[in-house]
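Hi,

Here is the structure I promised to pass on.

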Amino acid sequence: MSKQIKIGVVGCGYWGPNLVRNFRSMSGCELTSMCDVSAERLEHLKGLYPEVKAEMNYQRMLSEGNVDAVAVATSVKMHYPMAKAALQAGKHVLVEKPMAASVAECEELIQIADEKGLVLMVGHTFLYSPAVKKIKEIVDRGDLGEIRYICSRRLNLGLFQKDINVAWDLAPHDISIILHLLEEFPESVNCSGSAHVTPGIEDVTCMCLRFSHDRSAIIHSSWLDPRKVREMTIVGSKRMIVYDDVAQQEKIRIFDARVERPPHYDTFAEFHYAYHYGDTYAPYLKQEEPLKSECQHFVNCIRENKTPLSSGLRGLELVRILEACTASLQRSGSKIPFVQLEQPQMVRAVVPPVKENGNGSGQKAPAGLSRRRATNPALIP
């Protein structure tokens with residue numbers, strides 16, 4: 001495809017304007033439409049980008065024929081109906097994370113995209129950041145040795161959501177990075193949490209993903225922390241990495257540190273762990289906006305008919321984990337295992353029934369994610 005790819009952005013609230021800014025400034029594509037139900041938001045963006053058409057009706061934007069691809073940046077409950085409407089209209093789709101509100105919705109979107117030969121990409125933005133690219137390079141090179149565990153913290157005060165809990169809101173960033181680094185789907189997941197502010201909507205969660213070879217990943221997510229923390233520690237058998245995305249400089253620090261056990265000993269007195277403390281250094285990172293790289297990747301995949309790094313299948317894997325986390329929260333943090341299906345790279349969660357409480361009634365499930373669907377995909381939240 002050599003012509004300019006015409007792109008429309010739907011949802012101009014919190015994240016959409018960033019997509020608008022990036023697509024408008026890129027070569028190889030043309031931002032033709034901005035869509036939102038808020039006339040005030042559209043008027044503001046129209047003042048910044050007067051040449052871009054402002055539209056309040058999503059169906060009309062799809063039917064007028066002035067877009068080849070759509071970027072969906074609405075609330076999670078609208079991801080599925082809007083992405084589906086765009087795919088059925090023959091448009092390529094970039095949808096923000098999480099891809100949809102359920103595994104079934106993700107599977108349907110993937111099927112439609114495959115049948116129509118369209119690009120379906122999910123906004124796992126951190127996979128396109130210079131820091132994560134460098135970490136992936138270091139891991140693949142074997143500099144860390146065997147990865148033993150990963151610990152991630154994503155904390156701040158707010159922003160509180162009304163239809164999804166903090167795991168669905170913040171953890172997708174960490175899950176996408178972890179799956180990207182390990183190149184493996186977990187064997188099971190546990191998730192515990194508490195709802196302190198809004199009943200039924202957990203604002204603090206702790207998730208544990210178990211992988212093969214006794215590897216694990218712990219993800220702490222919170223809307224109730226006084227500091228903004230974006231930190232991930234990757235522990236290998238040879239070296240360790242601390243990735244601090246909030247740091248202005250030295251976002252990645254590599255520690256030449258490890259613990260070694262003596263190969264053999266005859267008495268307890270002879271048993272001593274060997275602690276190795278070597279140099280600490282920060283590799284150079286190219287300065288580039290992750291979202292710009294993501295948007296350019298989307299355009300390139302359309303032009304070259306390639307599968308995106310954050311494809312629909314990657315989005316499905318993430319939502320599969322989030323669904324299992326919701327099931328674990330409903331069962332007081334119990335383990336939810338995954339089983340491999342006959343289809344390649346397809347798994348499902350094995351979810352036990354919710355235990356009944358003392359009075360015989362079922363334990364109330366926390367409303368981690370609203371399952372309500374919009375009946376009219378032309379409407380925008």
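Residues are numbered from 1 along each chain as its sequence is written, and side-chain values use heavy atoms, with hydrogens and water left out.

**Confidence**

The protein chain has a mean pLDDT of 89, and 87% of its residues reach 70 or more (pLDDT is the predictor's confidence in each residue, from 0 to 100). Watch out for residues 357–381, where pLDDT stays under 50. Where pLDDT is low, the predicted coordinates should not be read in detail. For that stretch the model has 58 contacts beyond four places in sequence (contact means heavy atoms within 4.5 Å).

**Salt bridges**

There are 22 salt bridges in the structure, each one a side-chain nitrogen of Lys or Arg within 4 Å of a carboxyl oxygen of Asp or Glu. One of them pairs R21 with E289, at 2.9 Å from N to O. R21 sits in helix α1 (residues 16–25) and E289 in the loop between β14 (274–281) and α8 (290–304), so this pair ties together parts that are 268 residues apart in sequence. (Helices, H or I with at least four residues, and strands, E with at least two, are DSSP runs numbered from the N terminus.) Both ends are partly exposed: R21 has a relative accessible area of 34%, and E289 has 29%. For the cut-offs, buried means under 20% relative accessible area, exposed over 50%, and partly exposed in between, with a 1.4 Å probe and protein chains only.

R60 and E55 form another salt bridge, at 2.7 Å from N to O. Here R60 is partly exposed at 40%, whereas E55 is buried at 4%.

E231 and R153 also meet in a salt bridge, at 3.2 Å from N to O. This pair links distant parts of the chain, with E231 in strand β11 (residues 224–236) and R153 in strand β7 (residues 147–157), 78 residues apart. R153 is partly exposed, with a relative accessible area of 29%. Back with E55 and R60: salt bridges that share partners join them with K53 and E64 into one network.

**A helix pair**

Two packed helices are described by the angle between their axes and the distance between the axes. Helix α5 (residues 103–116) packs on helix α9 (residues 312–330) at an angle of about 170°, with the axes 9 Å apart. Axes are lines fitted to C-alpha atoms, for helices over the stretch in contact, and angles run from 0 to 180 degrees between N-to-C directions. That makes α5 roughly antiparallel to α9 (the cut-off is over 145 degrees). On the α5 side the contact is made by V103, C106, E107 and I110, and the α9 residues include L313, L316 and R320.

**Two residues to look at**

S293 is in helix α8 and is buried, with a relative accessible area of 17%. Not counting residues up to four places away in sequence, S293 touches Y128, K133 and E288.

E231, from the salt bridge with R153, is partly exposed at 25%. Leaving aside neighbours within four places in sequence, E231 is in contact with C151, S152, R153, V242 and Y243.

Cheers

Methods
Predicted model: local features only at pLDDT ≥ 70, side-chain atom pairs only at ≥ 80, totals over all residues. Parallel < 35°, antiparallel > 145°, perpendicular 65-115°, else oblique.
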